Amino acid sequence: MPENKLIVSSSPHVRSGVATPAIMWNVVLALLPAWIVGIYYFGPRAIWLTLIGIVAAAATEAIIQKIRKVPVTAMDGSAVITGMLVAFNVPPGVPWWMVVIGSAVGIAIGKQVFGGLGHNPLNPALVGRAFLMASWPVQMTTEWILPRGGSLSGATGLDAVTGATPLTVLKLARSTILDPASSIEQVESATASVQAIYAAWPQQLIGNIGGCIGEISAIAILLGGIYLIIRGFCDWRTPITYIAGVALLGWIFGGESGFFTGHALFQIFTGGLFLGAFFMATDMVTTPITKKGRWIFGIGCAVLTVFIRRWGGYPEGVSYSILIMNIFTPIIDRHTKPRIFGTKKAGQ
Amino acid sequence: MADTFSGGIHPPEEKRYSSDAPIETLPAPEVAFIPLSQHIGAPAQPTVKKGDRVLMGQTIGEPAGFVSAAIHSSVSGKVKDVALHMHPVTGKPEPTVIIENDGLDERAEELTAHGESWQVVEPDEIRKIAANAGIVGMGGATFPTHVKLSPPKGKIIDTVLLNGAECEPYLTADHRLMLEFPDDIVRGHLLIGKTLGAGRLGICIEKNKPDAIEVLQKRVEGTGIKVHPLAVKYPQGAEKQMIVAVTGREVPSGGLPFDCGCYVQNVGTAKALYDAVSKGVPLIERVVTVSGPILKEPANLMVRVGTRYSELIEACGGAIEDIYKIISGGPMMGLAQFSDEVPVTKGTSGVLLFGAEDVEVRPELACINCAKCVDICPAFLMPTRIAQCAEYENVEMAEKFGALDCIECGSCAFICPSDRKLLHYIRRAKALVRAEIARRSQS
């Protein structure tokens, strides 16, 4: 027997077939429905802006890894996800170089400075988006494109007045309604526009609205999200608590004229909630590793999102909510350690 | 009660290779290599020397202390030497009695065969027989059975579970044993129950062995024993996971099964105890599953202790490709061997052969916090965190994260998508924590 071939290693001697790159590429696959809807409503711009994001992210990763003299893993799927998500999180009308900068910053400052995959505390795509929001706030909040055959808000006849996405319509209307100086006509008109965008929730569900490239269609994102949950690549706890939390808190606090006047479906189908809940609040690297922690993470995101939408300076708060909760991840993990087998159960 | 524990994994079962192969008796080896340490505890002291003639079943090693076990010759013949020989568990040469088989199988009648009166043997006598017959746990842990049958005063055991889960992939030895020797197993179970005065007896079998469940359900009628079909999930056969599945009790952290009134013993051990009490036969042979993707004719063999692995492999037609790994036991917890010259011991449940394809390892990547290991850890630990503690030699944190509560089932390393050698790191963490505790208790 050729004894020199015997490998002596410690157990276990078998491994599951699922590898990290496979998980990453499955996430890419799960993002495709949202991309397809974006392309349908915004046209070819949505294709090439996304491709630019992907190439920029992968190239940045490769260049920095070359400089760091570490193995180049630009094609492990994770940089592709970052590039895709940066593009998915910008208005479709922004110049292409903003996507390049967003992806490059996301990978460079959001990921590689910490040591690359697995070591970044914040979601790289959201770091990229935050950088763009801070640097080009006007483009990031106005370069909307009308969805094919639809309107920015999903409701008909409003765009001419406001030229804004649904959450902006709500924010503007609310300030009009709550402003004592507003005339009765102004209040009535604002209330009517709010009622119109609330009534348009089916359009917001399918994605026939204005918004960032990949965030418009809740249903397409849900499709990808369910795929990830079924394959075990994403934990259901965070998206469920996040979305349910926004529905509940949005109903309580998110209305245009006081408590309990919010519209739950409008709150969850508009803005970046579904994209955030299924693809960014579930990013493995930057979110809690305990089950209990994932509940807390989802609830925290929901609270922050609703509060930013209601009282913050921006109409939408998903990305900042997730970034803020990313910062809390280590402390959440620390305080939600599972009970070790054979130690006391709570209440004993 | 639930039929399983929380956590766990589903590795490919791979039992099809050998599950339908009836137990065949492998002819006794021409030369038997019988290690003096085949158990947890002190190695036995040899009672024979070079040139002595020994009989089959004769004591050739006496227990050295309470936690130790007797060793018997598995053949009759002449002691060729008492020398060092490669050991399958320690991975290095260990004192071994090497016996040239004369082929006569002449038996030593050291133990009394109680025959049909096995039922009236008293508990103390049963313990003595277990000790004299050299019986140890045959699931792999090889803890001396007579010690286990003598729990400390004040520990009341009300539940005795026989472990027929056989949750390790490939292994089918216990499965075949349950099919072919159900009565011996049931009788051994009754003997253990009687010795401990336990009222609740259960035989635990994973549901992937419906035939064994059916057979045993018939054979336990009227005995008070209950058969517990358990979910097919690894590590269902781990003591603590089995106890919680059947009784809902958790063995306290740092404790033993008797701390929650339970006792678990492998089905093979129960049969060995019955054989010793009824037939007066010491533990000198066992069933070994010889299998693996590159073995020509996988089989379940009744093998004399001291038979070298090479002879088992040869009896099964050899390998169809170059052998890259020989595993003693199952692929999840078994030990990779340096040589095929190691002998079968009392704890050898399987000999597996892996080829080039089966040993390919993907490069280790960074942890991506996917938490798969946390989700599946049957001890409810955070394996990736303990592994990180080991990498950074942070002993204090490793202890806080419960490193010592790890049961080393390997589920974390199996599931890790980044192919991190989590269990390897955790073993390192455990060693560091143990050393630290020893240092603390000294100062």
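Which residues is Val90(A) in contact with, leaving aside its neighbours within four places in sequence? I put this to the model, which is a predicted one, and found Met98(A), Val99(A), Gly102(A), Leu132(A), Met140(A), Cys212(A) and Ile213(A) as the contacts of Val90(A).

I went through the secondary structure of chain A and noted 16 helices and zero strands. The radius of gyration of chain A is 22 Å, close to the 20 Å that the globule rule gives for 348 residues, so I wrote down that chain A is as compact as a globular protein of that length. Along the principal axes I read a span of about 95 × 55 × 30 Å for the C-alpha trace of chain A. I also noted that 55% of the 348 residues of chain A count as buried, and that, of the contacts in chain A with a separation of 6 or more, 71% are between residues 24 or more positions apart.

For chain B I recorded 13 helices and 17 strands. A compact globule of 443 residues would have a radius of gyration near 22 Å, and the 21 Å that I find for chain B agrees with this. The C-alpha atoms of chain B fill a box of roughly 60 × 55 × 50 Å, again taken along the principal axes. Buried residues make up 59% of chain B, and residues 24 or more positions apart account for 72% of the chain B contacts with a separation of 6 or more.

I next asked at what angle helix H4 (residues 182-196) and helix H7 (residues 267-279) of chain B pack. The angle is about 80°, with the axes 7 Å apart, and H4(B) and H7(B) are therefore roughly perpendicular to each other. By class, I noted eight nonpolar, two polar and four charged residues in this contact. On the H4(B) side I listed Asp184(B), Ile185(B), Arg187(B), Gly188(B), His189(B), Leu191(B) and Ile192(B), which meet Val267(B), Ala270(B), Lys271(B), Leu273(B), Tyr274(B), Asp275(B) and Val277(B) in H7(B).

The contact between the chains takes 51 residues from chain B and 34 residues from chain A. On the side of chain B that touches chain A, strand S15 (325-328), helix H12 (411-415) and helix H13 (422-442) each supply at least two residues. I sorted this side of chain B by class and have 32 nonpolar, ten polar and nine charged residues.

Is Glu250(B) buried or exposed? I found 22 C-beta neighbours inside 10 Å, and because the cut-off for a buried residue is 20 or more, Glu250(B) counts as buried. I placed Glu250(B) in the loop between helix H6 (239-247) and strand S12 (262-266) of chain B. Leaving aside neighbours within four places in sequence, I found Glu250(B) in contact with Phe341(A) and Gly342(A) of chain A, and with Val244(B) and Cys260(B) of chain B. I also checked Lys155(B), which lies 95 residues from Glu250(B) in sequence and 16 Å away in space, C-alpha to C-alpha.

Conventions. Residues numbered from 1 in each chain as written. Chains lettered and ligands numbered in written order. Predicted model: local features only at pLDDT ≥ 70, side-chain atom pairs only at ≥ 80, totals over all residues. Contact = placed C-beta atoms within 7 Å. Axes fitted to C-alpha atoms, helices over the stretch in contact; angles between N-to-C directions. Helix = DSSP H or I, 4+ residues; strand = E, 2+ residues; numbered from the N terminus. Parallel < 35°, antiparallel > 145°, perpendicular 65-115°, else oblique. Nonpolar A, V, L, I, M, F, W, Y, C, P; charged D, E, K, R; others polar. Rg over C-alpha atoms; globule rule 2.2 N^0.38 Å. Buried ≥ 20, exposed ≤ 12 C-beta atoms within 10 Å, placed from the backbone.
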